[in-house]
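Please keep the sequence and the model in view while reading.

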Amino acid sequence: MAGLLVVRVHLDWTGPGHYEHGRSLPCRVCGTDTKMRDGRGQACHQSCAEDEIARELLGAGRALIDDERVPAPARMLQEVAR
């Protein structure tokens, strides 16, 4: 079965806890210095965190698409109609 899965993630990092003035640290994902902080206080660019979450969701979604035990939506409708 073929399937197309598109995942877009946008995090709202407008809160002051996501920025540390005057202290740059290496991003936990890409290693480039940043003053941005994730929800746990670790150095991380917003775009890196969004990409990381999108990759995790994409992997989980692909696993469901590839899992033959999960019925396709059309098949689920056929079973309900019976």
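## Burial and the model

A residue counts as buried when its relative accessible area is under 20%, as exposed when it is over 50%, and as partly exposed in between. With a relative accessible area of 3%, R37 is therefore buried. The model is a predicted one.

## Overall layout

The chain contains 2 helices and 2 strands. Read from the N terminus, the order of these elements is β-β-α-α. The chain has 82 residues, of which 18% count as buried.

Among contacts in the chain with a separation of 6 or more, 33% are between residues 24 or more positions apart.

## Salt bridges around E20

Across the whole structure, 5 salt bridges are found. E20 takes part in a salt bridge with R37, where the closest N and O atoms are 2.9 Å apart. E20 belongs to the segment before β1 (25-26), while R37 sits in the loop between β2 (33-34) and α1, so the pair ties together parts that are 17 residues apart in sequence.

E20 also forms a salt bridge with R23, with 3.3 Å between the closest N and O atoms.

A network of salt bridges links R28, D38, R40 and E52. Within it, the side chains of D38 and R40 meet at 3.8 Å, N to O. D38 counts as buried, at 5% relative accessibility, whereas R40 is exposed, with a relative accessible area of 64%.

## A buried glutamate without a partner

Which side chain of opposite charge is nearest to E50, and how far away is it? The nearest is R55, at 11 Å. A salt bridge requires a side-chain nitrogen of Lys or Arg within 4 Å of a carboxyl oxygen of Asp or Glu. E50 is buried and has no salt bridge.

E50 lies in helix α1, which covers residues 46-66. Apart from neighbours within four places in sequence, E50 is in contact with V9, H10 and L11.

Note on methods. Residues numbered from 1 in each chain as written. Predicted model: local features only at pLDDT ≥ 70, side-chain atom pairs only at ≥ 80, totals over all residues. Heavy atoms only, no water. Helix = DSSP H or I, 4+ residues; strand = E, 2+ residues; numbered from the N terminus. Buried < 20%, exposed > 50% of the residue type's maximum accessible area, 1.4 Å probe, protein only. Lys, Arg positive; Asp, Glu negative; His and termini not counted. Contact = heavy atoms within 4.5 Å.
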